[in-house]
Amino acid sequence: MILVLVLALLCGAIAAGYLWSFGSRAEHVRAAHLHRVTATTTGPTREPPVLARGGAANRALAPAAWEYPDGVPRTGTVEVPSGTPRGRTLTVSVDDTGAAVRRPGASSDVLLTSVAGGTATAGAVAATGAGALVLLGRRIDGRTLSALEREWEQVEPVWSGRLRKRGGPENGPGTDDV
């Protein structure tokens, strides 16, 4: 069982490492295609419902206008601090085409994803290994019990002192020899 747990931890650590590597590389590639531009809000902010905020305290959405990449004016909805008035300038992230995108993710997002994936992998390996050990144990126990039964059938009449009558096998086992 300890071997299964060690194997599960090892697999979980390897999975977390791969997820960290892939996530970091993806964030690096994404960041290479993001550009910071100055935008001006053109309308009132819309506060998201409380349940939809997901921990992004004091964030809202507002219509805004900006110019990128070739001086062509663009408009869209951007994430702004809650209560931002119309006409406020702020810095937003846009992609290579000039479309507004969410802010770059923090390394904590990649860390959370890799830890969750590693934990899930370790749990799956541990559950599979434990299940295999249980099935193997049941099979071994079944074989051991059947071998014990076969041996007991041969030893029990002699051991218990219940020998057959001298008359032969027609009298059957289990009769006393008195």
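This is a predicted model: local features need pLDDT of at least 70, side-chain atom pairs count only at pLDDT 80 or more; totals for chains, interfaces and linings use all residues.
Helices here are DSSP runs of H or I with at least four residues, strands are runs of E with at least two, and both are numbered from the N terminus. Residues are numbered from 1 along each chain as its sequence is written, and side-chain values use heavy atoms, with hydrogens and water left out.

As for burial, 18% of the 178 residues in the protein chain are buried; buried means under 20% relative accessible area, exposed means over 50%, and partly exposed is in between (1.4 Å probe, protein chains only).

Now to the helix pair. Two packed helices are described by the angle between their axes and the distance between the axes. Helix H1 (residues 2-32) packs against H2 at about 155°, and their axes are 7 Å apart. That makes H1 roughly antiparallel to H2, given that angles over 145 degrees get that label, under 35 count as roughly parallel, 65 to 115 as roughly perpendicular and the rest as oblique. The axes themselves are lines fitted to C-alpha atoms, for helices over the stretch in contact, with angles running from 0 to 180 degrees between N-to-C directions.

Ser-107 lies in helix H2 and, at 53% relative accessibility, counts as exposed; its C-alpha atom is 8.6 Å from that of Glu-27, 80 residues apart along the chain. Ala-132, also found in helix H2, is partly exposed with a relative accessible area of 45%.

On the surface, Met-1, Leu-5, Leu-133, Leu-136 and Ile-140 make up a nonpolar patch with about 470 Å² of accessible area together. Patch members have over 30% relative accessible area and no salt bridge, with nonpolar side chains (Val, Leu, Ile, Met, Phe, Trp, Tyr) joined within 5 Å and like charges within 9 Å. Helix H2 (residues 107-160) gives the most to the patch, three residues. Leu-136 sits in helix H2 and is partly exposed, at 47% relative accessibility.

Notes: Accessible areas come from the Shrake-Rupley method with a 1.4 Å probe; for residues, only the protein chains shown count as cover. A salt bridge is a side-chain nitrogen of Lys or Arg within 4 Å of a carboxyl oxygen of Asp or Glu.
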